[in-house]
Amino acid sequence: MSLSKVIFVVSIMASFLMLVASVIAFVIHDIGYFWIMFALMVVSILQNISVYKHISTTDEPVKG
């Protein structure tokens, strides 16, 4: 597994944790923190889409 794929997986996990933080902030009525985490989550998801497109179109040499 290449380093770019490892970073991609870690980034997906971070997006999920931002979603959890957003839900918790919404439940405890901390609206400011909710919007900040929601915005960061959206930006992270957009970055993940961009990275996924790059990873899926990049031909990596086969190591034998």
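Buried here means under 20% relative accessible area, exposed means over 50%, and partly exposed is in between (1.4 Å probe, protein chains only). This is a predicted model, so local features need pLDDT of at least 70 and side-chain atom pairs count only at pLDDT 80 or more, while totals for chains, interfaces and linings use all residues. Residues are numbered from 1 along each chain as its sequence is written, and side-chain values use heavy atoms, with hydrogens and water left out.

**Helix H1**
- Helices are DSSP runs of H or I, at least four residues, numbered from the N terminus.
- Phe8, Ser15, Met18, Ala21, Ser22 and Ala25 are the buried residues in H1, and they pack against helix H2 (31-57), with contact meaning heavy atoms within 4.5 Å.
- After H1 comes histidine 29, with a positive phi near 65°.

**Isoleucine 45**
- Isoleucine 45 sits in helix H2 and is partly exposed at 37% relative accessibility.

**Aromatic pairs**
- Rings of Phe, Tyr and Trp (its six-membered ring) pair if their centres lie within 6.5 Å; planes under 30 degrees apart are stacked, over 60 edge-to-face, the rest tilted.
- The whole structure has 5 aromatic pairs. Tryptophan 35 and phenylalanine 38 have ring centres 5.9 Å apart and planes at 90°, so they are edge-to-face.
- Tryptophan 35 is exposed at 52%, while phenylalanine 38 is partly exposed at 34%.
- Ring pairs join Phe26, Phe34, Trp35 and Phe38 into a cluster.

Note on methods. Helices (H or I, at least four residues) and strands (E, at least two) are DSSP runs, numbered from the N terminus.
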